[in-house]
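Let's take a walk through this model together, from the overall layout down to a few individual side chains. Have the viewer open and follow along.

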Amino acid sequence: MSTLDATRAELGLIVLYLNKAEARDKICRAIQYGSKFLSNGEPGTAQNVDKSTTLARKVFRLFKFVNDLHALISPTAPGTPLPLNLLGKSKNALLSTFLFLDQIVWLGRTGIYKNKEQTDLIGRISLYCWMGSSICSTLVEIGELGRLSASMKKLQRDLNNSDKYQNEQYRAKLKQSNERSLALIKAGMDIVVAVGLLQLAPKKVSPRVTGAVGFVSSLISCYQLLPSPAKSKAP
């Protein structure tokens, strides 16, 4: 493959990535929390960027609550334990509620809905829903990692002395384990961000800490949305 063909292929992946509304939202999220880190809650350019990007992201999420509503009423994967099923459905319900309420917050922030006190209250309720969904996600990932670990150990015993990394099934499970470990880290970070946004522990989770953790969480989200060929090249 020539250099031009390679460049064209790389640009094609970038175009594919940026065509995703979710990817653009996560890039804006990184800008939002990066600005929050820089501003540390103080008035100025960084805080203005934080506020404007926060409002812009709400447009990306219009009617997005339907996705989790659909997941909520969809059948679960066969063989999934009941506690994990319940946690997964709770996560979908809470996230769908957050996204729905977030639309009302957007109406209030843009001046379409005039009741500021009600808008602020709905905003706090929506953030509690998001924090709850992140807690559920954390518990689901811990449970699924435990199931994967047990399955991989059993597969290792079945393979005896052969090289486990040459086994396609083992490699697939290892890839799943890595992806779920990353999702667990992100979910844990999102809990910290929610605590910061709700100001539940203002001395420990300051705007700067919230911004830093949110920025790293956003980068993880951006990576998770990368097309498969790009992921395989990432170090």
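This is a predicted model: local features need pLDDT of at least 70, side-chain atom pairs count only at pLDDT 80 or more; totals for chains, interfaces and linings use all residues.

Residues are numbered from 1 along each chain as its sequence is written, and side-chain values use heavy atoms, with hydrogens and water left out.

Now the big picture. The protein has nine helices and zero strands, where helices (H or I, at least four residues) and strands (E, at least two) are DSSP runs numbered from the N terminus. Its C-alpha trace spans about 65 × 50 × 35 Å along the principal axes. Of the 235 residues, 36% are buried.

Start with the loops. Asn 40 sits in the loop between α2 (21-39) and α3 (45-60), and Phe 63 is in the loop between α3 and α4. What do their backbones have to show? Most residues other than glycine have a negative phi. Asn 40, though not a glycine, has a positive phi of about 55°, and Phe 63, also not a glycine, has a positive phi of about 65°. Asn 40 is partly exposed, at a relative accessible area of 28%, whereas Phe 63 counts as exposed at 59%.

The crossing of α4 and α5 is left-handed, meaning that the near helix is turned anticlockwise from the far one by less than a right angle (clockwise would be right-handed).

Rings of Phe, Tyr and Trp (its six-membered ring) pair if their centres lie within 6.5 Å, with planes under 30 degrees apart called stacked, over 60 edge-to-face and the rest tilted. Here the centres are 5.3 Å apart and the planes at 75°, so Phe 65 and Phe 100 are edge-to-face. Phe 65 is buried at 16% relative accessible area, while Phe 100 is partly exposed at 40%. By this rule the count comes to three aromatic pairs.

Next, find helix α6 (residues 116-159) and helix α7 (residues 168-198), which pack at about 155° with their axes 8 Å apart. They are therefore roughly antiparallel, and their crossing is left-handed. The residues of this contact divide into 21 nonpolar, 10 polar and six charged; Ala, Val, Leu, Ile, Met, Phe, Trp, Tyr, Cys and Pro count as nonpolar, Asp, Glu, Lys and Arg as charged, and the others, Gly among them, as polar.

One last stop is Arg 208, whose charged end sits over the ring of Phe 37, 5.2 Å from its centre. The rule asks for NZ of Lys or CZ of Arg within 6 Å of the ring centre and within 35 degrees of the ring normal.

Conventions:
Axes are lines fitted to C-alpha atoms, for helices over the stretch in contact, and angles run from 0 to 180 degrees between N-to-C directions. Angles under 35 degrees count as roughly parallel, over 145 as roughly antiparallel, 65 to 115 as roughly perpendicular and the rest as oblique. Buried means under 20% relative accessible area, exposed over 50%, partly exposed in between (1.4 Å probe, protein chains only).
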